[in-house]
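This briefing is for a reader who is meeting the structure for the first time. Please look over the sequence and the model before reading on.

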Amino acid sequence: MPKKELKPFDKSEWLRLEKKADEMRRMAIQTAIWGGSGHLGGSLSAMDAMVTLYYRIMNIDPEDPDYEDRDRFILSKGHCAVGYAPILCDIGYMPVDELKIFNLTGAKIGMHLDCNKVKGTDCSTGSLGHGISLAVGFALAGRVNKRDYMCYCLTGDGELNEGSNWEAAMSAAQFKLSNVVVLADNNKCMIDGRVDDEMKVEPLDKKFEAFGFRVIRVDGHNIKEINNALEDAVANHENGGTQPTAIILDTFKGAGVDFMQDNYLWHYGSLDEAMEKQASDSLDKYYKERCERAEKEA
Amino acid sequence: MGGMTYTMTDTTKLSTAECYGIALCELGEEHQDVVALTADLAKSTKIGMFGEHFPDRFFNVGIAEQNLFGVAAGMAKNGLIPFASTFAIFTAARSLDQIHTDICYQNVPVKIIATHAGTSFGQAGSTHHSLIDMACMRALPNMTVICPCDGSETYHAVKAAYDIPGPVYIRINRGFDQVIYKNIDDCKFDYKKATVMNEGTDITIIACGSCVFEAMQAARMAEADAGLKVRVLNMHTIKPLDEEAVLSAVMDTRRIITAEDHEVMGGLGSAVAEVVAKSGKACAFKMLGHQNAFSTIGLQEDLLAMAKIDANGISEAIQEMMHADFEADDAWDDEF
């Protein structure tokens, strides 16, 4: 597979991705309803980044999931499978019907994805603070195997409390892995409260810089900004850069659903019928606003 | 192979870890997919020998054991066969989450060669002794657990690890082990089969690692002192355990003593006990090893003596068991 030629990021491309992000937000909520509950807060905060990666940036082939030169993605915040799995199904790695039994006994797709059961998943994750190490391993393997691909790792901000992330970050810089891109979903919430109140991780940009990363900080709900940051990271690698890139995504937990947005209590939960209706109305409004912004700022 | 200066005939001048290093270098020569990783212990674990020969396939992640095993898992997910080495206690205790999830759950072929096992780093004390690693590793699905008795067996275990599917954990000692196989070729290693070191019909000692030599000494002493025929099984592989060898020992000798430089809970003794208990056959049984206690600072030979897993300690256990009263009923027919 040749290197992916990206279409220019114009208005129609932006709107295409907005539509996809809207669909996937709704599909994540639907999946949580099918499964009875789910980690919606962190899935909705990370959705725009995941959509930009999977529907535009990444060099992948759902027909050939193990294609050796494919770009890799590791969902280090593995509990957000309820947002990630709908994307994998939508692009064709897994049948969409699998989502209807999400988390039920014997289901292939559940709260944390098992890469030996879910096609398209490069790693099994769930225990936090593992993803960057795995991405470093992927990238080093690429170097040994003389294969060239990008390794994207999506972490949470609360997750960055785990010390293992910083062991891994040090090694990504030490080994000059310019194809490692850490996306930190900085939604400022964790299970027990707000990150700043519980165990502060900011200033994330300065931390990653100090660990040897190039850092780009963006509005994690502005697909144009996310795209530009990712294109920059790829260009850095292709132009012989020697540093890994960290993209700090400033986001809101539960983005797009008014009663979830920026509410740490929506780390995990279930929706009744009234909430389902309210979420849907809220997403209608959110999508409209997002498209208006794209129209204006494209 | 350019640069390799060792001959594979005499292991008496090589530490156990050096035998590991040689085996790994040979694997590196034979297989391009072998890579090696360590966490600032290249020299101590001898994995650095691989680094000298294959610098492009060697990675030192600094003092960061969690990252060590996470990175190794990532490499294994991409078609490589990583060998990763640090001290046994840091492997089992500090990095268990990465080994559990990234390596065993994903079922990737990371080969862990953990050094300074048991009390072999004697004077470093309990922080550097590893008495829980086999218990931890044995409980992990997909993991093979091996505890070789000396350098030659280590050589063969490491070579075999490349072909054993999935993750493998090999625990070896610091420094020089008592030599059991003087020449590499004297050791025939099949990870699925325990090795009979001494035939006997009165009692069986099932041992691994350092305790194999001690058990062989104890067997000689028992024969010389009391004319006892002591079977000694070198149970180098704790998982999968050679259950057939255990059951034969139950049937043939009806007395079993296990000996390991490890906690008796969860290690070799427990593994053997599970087989004996499941068999439903009566058998006098004793587990020698560290008994729910941290070890102290000291030379390994002293620590083995204190834990009663040296030749004298094992001899004592043999005598106790041989003098214990048994039911007069020797016929087992009624138990079938």
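Is A:Phe73 buried or exposed? A:Phe73 has a relative accessibility of 1%, under the 20% limit, so it counts as buried. The model is a predicted one.

**Aromatic pairs**

- Over all chains, the search of the whole structure finds 12 aromatic pairs.
- One of them joins A:Tyr54 and A:Phe73: the ring centres are 5.4 Å apart and the planes stand at 80 degrees, so the pair is edge-to-face.
- A:Tyr54 belongs to helix H2 (residues 40–57) of chain A and A:Phe73 to strand S1 (residues 72–75) of chain A, so this pair ties together parts that are 19 residues apart in sequence.
- A:Tyr54 has a relative accessibility of 4% and therefore counts as buried.
- A:Phe259 and A:Trp266 also form an edge-to-face pair, with 5.7 Å from centre to centre and 70 degrees between the planes.
- Both A:Phe259 and A:Trp266 are buried.
- A cluster linked by ring pairs is made of A:Trp166, A:Phe208, A:Phe211 and A:Phe213.

**Charges over rings**

- In chain A, the charged end of A:Arg72 sits over the ring of A:Tyr149, at 3.7 Å from the ring centre.
- In chain B, B:Arg57 lies over the face of B:Phe54, and the distance to the ring centre is 4.6 Å.

**The interface of chain A and chain B**

- How many residues of chain A are in contact with chain B? There are 24 residues of chain A in contact with 25 residues of chain B.
- About 2000 Å² is buried between chain A and chain B, and carbon and sulfur atoms give 56% of this area.
- A:His130, A:Val144 and A:Glu167 supply 27% of the area that chain A buries against chain B, more than any other three residues.
- On the side of chain A that touches chain B, the elements that give two or more residues are H4 and helix H5 (163–174) of chain A.
- H4(A) gives the largest share of that side, 9 residues.

- A:Lys19 is part of helix H1 (residues 11–35) of chain A.
- With a relative accessibility of 46%, A:Lys19 counts as partly exposed.
- A:Lys19 and A:Tyr287 are 268 residues apart along the chain, while their C-alpha atoms are separated by 7.9 Å.

- Where is B:Ser120 found? B:Ser120 is in the loop between strand S4 (111–114) and helix H7 (133–138) of chain B.
- The relative accessibility of B:Ser120 is 6%, so this residue counts as buried.
- The side chain of B:Ser120 reaches the backbone oxygen of B:Ala117 at 2.7 Å.
- Leaving out residues up to four places away in sequence, B:Ser120 touches B:Asn173, B:Arg174, B:Asp261 and B:Gln300.

**Backbone features**

- As a general rule, most residues other than glycine have a negative phi, and most peptide bonds are trans.
- The peptide bond from A:Glu202 to A:Pro203 is cis, with omega near 0 degrees.
- A:Pro203 lies in the loop between helix H6 (195–198) and helix H7 (204–210) of chain A.
- In chain B, the peptide bond from B:Lys239 to B:Pro240 is cis, again with omega near 0 degrees.
- The loop that holds B:Pro240 runs between strand S10 (237–239) and helix H10 (243–253) of chain B.
- A:Lys146 is not a glycine, yet has a positive phi of about 55 degrees.
- A:Lys146 is placed in the loop between helix H4 (131–145) and strand S2 (151–156) of chain A.
- A:Lys146 has a relative accessibility of 75% and so counts as exposed.
- B:Lys308, not a glycine either, has a positive phi of about 60 degrees.
- B:Lys308 is located in the loop between helix H12 (300–306) and helix H13 (311–323) of chain B.
- At 41% relative accessibility, B:Lys308 is counted as partly exposed.

Key: Residues numbered from 1 in each chain as written. Chains lettered and ligands numbered in written order. Heavy atoms only, no water. Helix = DSSP H or I, 4+ residues; strand = E, 2+ residues; numbered from the N terminus. Buried < 20%, exposed > 50% of the residue type's maximum accessible area, 1.4 Å probe, protein only. Phe/Tyr/Trp six-rings, centres within 6.5 Å; stacked < 30°, edge-to-face > 60°. Lys NZ or Arg CZ within 6 Å of the ring centre and 35° of its normal. Contact = heavy atoms within 4.5 Å. Buried area = accessible area lost by both parts, 1.4 Å probe. Polar contact = N/O pair within 3.5 Å; in protein donor to acceptor, adjacent residues only side chain to side chain.
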